[in-house]
Amino acid sequence: MPRVVFPPADVFDASAVSPQTRALNEKIVKLIETEPDKWTFEPAVMRARRRQGIGPFPRAKASERAETIEIDGPHGPIPLRIIAPDSPKGVFLHIHGGGWVLGAPDEQDPRFERFVDNCNIAIVSIDYRLAPEHPYPQPNDDCEAAALWLIRTAKERFGTDRLVIGGESAGAHLSVTTLLRLRDRHGIMPFLGANLVAGCYDLRLTPSAANWGTENLVLNTPDITNFVRCYIPADQPLTDPDVSPIFADLSGLPPALFTVGTRDALLDDSLFMAPRWAAAGNDTELAVFPGGAHVFIAFPGDLAEQGLTKIEAFLDTTFA
């Protein structure tokens, strides 16, 4: 029987949200409301503004320990950002978020350094092609190619072939589609675990995503709709498991930690996907954090510390 851990019902009660988390959420909403609508900018400008720290996510300090290499991919070179200790016990293949349109591997270096130091693991983060310039399936293809490269080279490069995959938001989505491609196209499943934070698994929009509305708590319904529009060609069925992995056969996948906050527009994606993961016979833990906004682990505060500690425990257990 698979190991299944689901949260108690009281995490969804409004009284469970701490004053610190409420204040942080209010601050994020006010901040976004004082800025121009990001969708009035071209994608390149949106990315530049995000790199400057304009928007909800704090600007990250680049790691002096990071190196970037390039590997071959089906659409051209794929940069990989690597932060690694001398003798890691495992390698975490990371796929960044940003709605398949925004984001970059170096935008979470402090979090990578924390995982490297606290868990003694290497981080390899994929700088995959972004929509709308490079729509589906190009981001998926890049992630598949990077996973295959790591599977081939991890033992020689890092001294270990113990692997975990994961990411946040669109990165969690691409992590799952990568696992499915490895299983279905290559007949392999070398990853020991999947660390999935606030993923989007049904691109038709789950109820929480469709009914969130326009409140600017990091991510809202118009944002999700626009991100999907940029990423998916108009003639591509949204029920294709390579697009919406909630429709996939999920059997034979590794243990997964699903992390999400109750104030996340994508809450239902994790609430729906985790039981399907478990029903397919896979070890599953669903960690729900009261009041957490979308990808709440990226913001300072006690709730992020709790979420990061949970992820580190998952990584330690998986690589043990």
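This report looks at the whole chain and then at one of its strands.

The model is predicted, so local features need pLDDT of at least 70 and side-chain atom pairs count only at pLDDT 80 or more, while totals for chains, interfaces and linings use all residues. Residues are numbered from 1 along each chain as its sequence is written, and side-chain values use heavy atoms, with hydrogens and water left out.

**The whole chain**

The protein chain holds nine helices and nine strands. Helices (H or I, at least four residues) and strands (E, at least two) are DSSP runs, numbered from the N terminus. Along its principal axes, the C-alpha trace spans about 50 × 45 × 40 Å. Of the 320 residues, 57% count as buried, that is, under 20% relative accessible area with a 1.4 Å probe, protein chains only. Among contacts (heavy atoms within 4.5 Å) between residues at least 6 apart in sequence, 78% join residues at least 24 apart.

**A closer look at strand E5**

Why is strand E5 (residues 122-126) largely enclosed by the rest of the structure? Five of its five residues are buried, so the rest of the structure largely encloses E5. Ala122, Val124 and Ile126 point one way, Ile123 and Ser125 the other way.

| Strand | Sense of pairing with E5 | Bridges |
|---|---|---|
| E3 (residues 78-83) | antiparallel | four bridges |
| E4 (residues 91-95) | parallel | five bridges |

Methods: Buried means under 20% relative accessible area, exposed over 50%, partly exposed in between (1.4 Å probe, protein chains only). Two strands pair if DSSP finds at least two bridges between them.
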